[in-house]
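Trainee: Before we discuss this model, could you show me the sequence and the coordinates, and then take me through the terms one by one?

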Amino acid sequence: MPYRIRINQRHTLDCPGSKTILEAAREAGFGFPHACRNGVCRRCEGRLGRGSVLLTRPGGPLSAGESGADAVLYCVAFPISDCEIDVPDITAPGEIPEQTLRCQIRQREPLNHDVSRIWLRLPAGRQAHWYAGQYLILDLPHGQYPFSIANAPGGRELELHIRHGHDNPGARRIMADLADASTVSVILPQGLRYLDTPPPRPLWFICGSTGFAPVKAMIERLIQVGFEHPVRLFWGARTEQDLYLPDLPSQWQDALPDFHAVTALSDISKPGHAQGLVHEAALEALEQPEQPLFYIGGSPAMVWAVHDALVEEGVPASNMHSDVFDYAPRD
């Protein structure tokens, strides 16, 4: 029976005792740093946090907590129990290596009273890849800030939606920085909740405010691949003025064979919109809770509230995806 190897608290690998952890990881599609593969160059060095391994160099068994467990060379480490390891600079199967790139700030345009769209252009001659639904980090003089990439991959353009109302002074400062600059450094891609090859089942998107940005990218990806299964969008805001890009849902309805969108306004009643919280509109339309996969975009408070409401209605927690679950988990 293979041993279960937990990598960087994020990924799991099954490794037989007859193979080194590096060998098994590479066969499974992990991008492990390595070079010599015989315990000399130290490229594959990492920490053994739990469990035991058998080392062929310098030799002998080693358990977590012992001297040397913080500098294990996984090209010469065979598991002799289930393990937890930390290895820097790896990529999991399907993950894209992170890059830092200097982008041109090509265009700034208002989308409504407090949301602006920023178009960035990736440098010529540099390949940059991301999955629909991932985000990037703006590396600005006074800090680093995550923003969802609002367009599907392909080409050199990156689209960001930045909400910068009076209740968000940090975002206003970011907009001021971008207004004074012609280029900006970005770190991408980030995030584990994305769409590339979508599963053959209904997909439901629930979002609030600029949580719409990653949803837009994922729906554009569905159009790219010719997705044929039902797609539902539920987009919530306080008032009609808080919504933006109002023509997109009708365009998506023309581009996808089974698409339907609902906008929900929490603070006012307006014809053409559901009234109340966005997840209430989704629950009203939900007939088979176990069928769709849900992608949820918004603030941590909003995302967890939607999560709880869907679970109560019978939606399996494993059918829900949001970056909030990773960067703002609950105990």
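Mentor: Let us begin with accessibility: a residue is buried under 20% relative accessible area, exposed over 50%, and partly exposed in between, with a 1.4 Å probe and protein chains only. This is a predicted model, in which local features need pLDDT of at least 70 and side-chain atom pairs count only at pLDDT 80 or more, while totals for chains, interfaces and linings use all residues. Residues are numbered from 1 along each chain as its sequence is written, and side-chain values use heavy atoms, with hydrogens and water left out.

Trainee: Why is Asn-8 called partly exposed?

Mentor: Asn-8 has a relative accessibility of 21%, and it therefore counts as partly exposed, since that class lies between the 20% and 50% limits. Asn-8 sits in the loop between β1 (3-7) and β2 (11-15), where helices (H or I, at least four residues) and strands (E, at least two) are DSSP runs numbered from the N terminus.

Trainee: What is the phi value of Asn-8?

Mentor: Phi of Asn-8 is near 55 degrees, which is a positive value in a residue other than glycine. Arg-42 also has a positive phi, near 70 degrees, and is likewise a residue other than glycine; Arg-42 belongs to the loop between α1 (21-27) and β3 (45-50), and with a relative accessible area of 42% Arg-42 is partly exposed.

Trainee: How do you know whether His-164 is buried or exposed?

Mentor: The relative accessible area of His-164 is 16%, so His-164 is buried. His-164 is placed in the loop between β13 (157-163) and α2 (169-179), and, leaving aside neighbours within four places in sequence, it is in contact (heavy atoms within 4.5 Å) with Asp-114, Val-115, Ser-116, Ala-171, Arg-172 and Met-175.

Trainee: And what makes Leu-54 partly exposed?

Mentor: Leu-54, which lies in strand β4, has 36% relative accessibility and therefore counts as partly exposed. Leaving aside neighbours within four places in sequence, Leu-54 is in contact with Gly-60, Pro-61, Val-76, Ala-77, Phe-78 and Ile-80, whereas the C-alpha atoms of Leu-54 and Arg-108, 54 residues apart along the chain, are separated by 57 Å.

Trainee: Why are α3 and α4 called roughly parallel?

Mentor: Helix α3 (residues 212-225) and helix α4 (residues 248-255) pack at an angle of about 20 degrees, with their axes 10 Å apart. Axes are lines fitted to C-alpha atoms, for helices over the stretch in contact, and angles run from 0 to 180 degrees between N-to-C directions. Angles under 35 degrees count as roughly parallel, over 145 as roughly antiparallel, 65 to 115 as roughly perpendicular and the rest as oblique, and α3 and α4 are therefore roughly parallel to each other. The contact is made by Phe-212, Lys-216, Ile-219 and Ile-223 of α3 together with Leu-248, Trp-252 and Ala-255 of α4. These residues divide into six nonpolar, no polar and one charged, where Ala, Val, Leu, Ile, Met, Phe, Trp, Tyr, Cys and Pro count as nonpolar, Asp, Glu, Lys and Arg as charged, and the others, Gly among them, as polar.

Trainee: What makes α5 and α6 roughly parallel?

Mentor: Helix α5 (residues 278-285) and helix α6 (residues 300-313) pack at an angle of about 25 degrees, with their axes 10 Å apart, and this makes α5 roughly parallel to α6. Their contact is formed by Val-278, His-279 and Leu-283 of α5 and by Met-302, Val-306, Ala-309, Leu-310 and Glu-313 of α6; by class, there are six nonpolar, one polar and one charged residues.

Trainee: How do you know how Trp-252 and Phe-259 are arranged as an aromatic pair?

Mentor: Rings of Phe, Tyr and Trp (its six-membered ring) pair if their centres lie within 6.5 Å, and planes under 30 degrees apart count as stacked, over 60 as edge-to-face and the rest as tilted. The structure holds 10 aromatic pairs; in the pair of Trp-252 and Phe-259 the centres are 6.0 Å apart and the planes stand at 85 degrees, an edge-to-face arrangement. Trp-252 and Phe-259 are both buried, and Phe-212, Trp-235, Tyr-244, Trp-252 and Phe-259 form one aromatic cluster.
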